[in-house]
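I opened the notebook to record what I looked up in this structure, going from the whole chain to its parts. These entries keep the order in which I checked things.

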Amino acid sequence: MKSKLNKQTNVMAVFSKETDITTEASFCMAFNIARAKRPYTDGIYLTKNILDVISILKPEDKKLFYMVENISNSRHTMERRISIISSEIFSNLQNEIANCSALSLALNESTDIQDKPQLAIFVRYVTMNIEVKEELLDLIALKETTRGCDIKDALDVVLRKAEVPNAKIVSVLTDGAPSMTGCKNGLIGILKSDTDFPDFIPIHCIIHREHLMAKYFKYEHVMSVVLKIVNYIRSDSKIHRQFKNFVESLEDDIPNDFPWYFLVRWLSVNNVLIKFFDLLEPIKTFLKEKDKNFPQLSDPQWLRDMSFYTDVVHHLVTLNMSL
């Protein structure tokens, strides 16, 4: 009887261990689905792919087949797993913020594709081990208006939810909008007058300042000519094909095309200018064959200005990508 009891205990221990392993695998699958922003139903698809791979690499391992088949992968299971993971991550973030030595906030208000205002709140904090961490605290929808008081109300809700110790805030970073930086009705002014907040340092976002500088730093006499040539070659599919074939026939180590310039994506000017500069000689030859006259392409002063503008924009892009 004792032997039978030990046998049953061993069976239950093995079953419990296998259950723990399949549950952990289910959580791992849910975590990867959430990180890849895939639909919850992908759990079934992933399991089928794993089984197909095992059938090729290790078809004799029936136990592994059985364990994979028993991974909970339904849509509702993936939803529950992701909710549990999200709650655990947020709980860990709360604990780290509560025990940090100092923290700073970064706020960015923008509109989505449906013209609804959204407020993104980031937190950067120093742990007790002197380790700097940065996390997205929350993304909260605002109401119809985006005044300083509206942003302050939304910020208060997020800080209370995350149990952020206001006394540890040393700086608040915002863009240059009046609703953010106004000394009276802006967010900074309202926070300064709120006794719940310490005497923090207001910071104007360096990326926003860089964008403002790039917006007004324009070499119109350079970009007007470059864009005319780019639009001439890219706007007509026949001319575009002829240009690409012509560049490819040169057999040089140069790009065979250049992209469009998008005004709303000001960093795209870097790709346009760099490839235009690399293709300068083929462009001059191609335009000459098409009887298109652009005397600026032979003007030393214009070429120097274009080279200077290309270098400056490239440095701005490098700075932007490193932040």
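**Entry 1, the whole chain.** I noted at the outset that this is a predicted model, and I then counted 13 helices and 5 strands in the chain. I looked up burial next and found that buried residues make up 34% of the 323 residues. For contacts between residues at least 6 apart in sequence, I found that 61% join residues at least 24 apart.

**Entry 2, the sheet.** In what order do the 5 strands lie in the sheet? I read the order as E3-E2-E1-E4-E5, in an open sheet whose pairing is mixed. The edges are E3 and E5 (201-204), each of which pairs on one side only, and the twist from one strand to the next averages 20°.

I followed strand E1 (residues 102-111) into strand E2 (residues 117-126), which pair in the antiparallel sense over 10 bridges. Within this pairing I located Thr111 opposite Pro117 and Leu103 with Tyr125 as its bridge partner. E1 and E2 form a hairpin with 5 residues between them, and I noted that Asp115 in the turn has a positive phi of about 60°.

E2 goes on to strand E3 (residues 132-141), and 9 bridges join the two in an antiparallel run. On this side Tyr125 stands opposite Lys133. The hairpin of E2 and E3 has 5 residues between the strands, and there I found Ile130 with a positive phi near 60°.

How do the axes of helix H10 (residues 237-250) and helix H12 (residues 280-289) cross? I found that the axes come within 11 Å and cross at roughly 130°, and H10 and H12 are therefore oblique to each other. H10 passes H12 in a right-handed crossing. The contact residues include Phe243, Phe246 and Leu250 of H10, and Ile283, Phe286 and Glu289 of H12. By class, I recorded 8 nonpolar, 2 polar and 1 charged residues in this contact of H10 with H12.

How values were computed. Residues are numbered from 1 along each chain as its sequence is written. This is a predicted model: local features need pLDDT of at least 70, side-chain atom pairs count only at pLDDT 80 or more; totals for chains, interfaces and linings use all residues. Side-chain values use heavy atoms; hydrogens and water are left out. Axes are lines fitted to C-alpha atoms, for helices over the stretch in contact, and angles run from 0 to 180 degrees between N-to-C directions. Helices (H or I, at least four residues) and strands (E, at least two) are DSSP runs, numbered from the N terminus. Angles under 35 degrees count as roughly parallel, over 145 as roughly antiparallel, 65 to 115 as roughly perpendicular and the rest as oblique. A crossing is left-handed if the near helix is turned anticlockwise from the far one by less than a right angle, and right-handed if clockwise. Contact means heavy atoms within 4.5 Å. Ala, Val, Leu, Ile, Met, Phe, Trp, Tyr, Cys and Pro count as nonpolar, Asp, Glu, Lys and Arg as charged, and the others, Gly among them, as polar. Two strands pair if DSSP finds at least two bridges between them. Buried means under 20% relative accessible area, exposed over 50%, partly exposed in between (1.4 Å probe, protein chains only).
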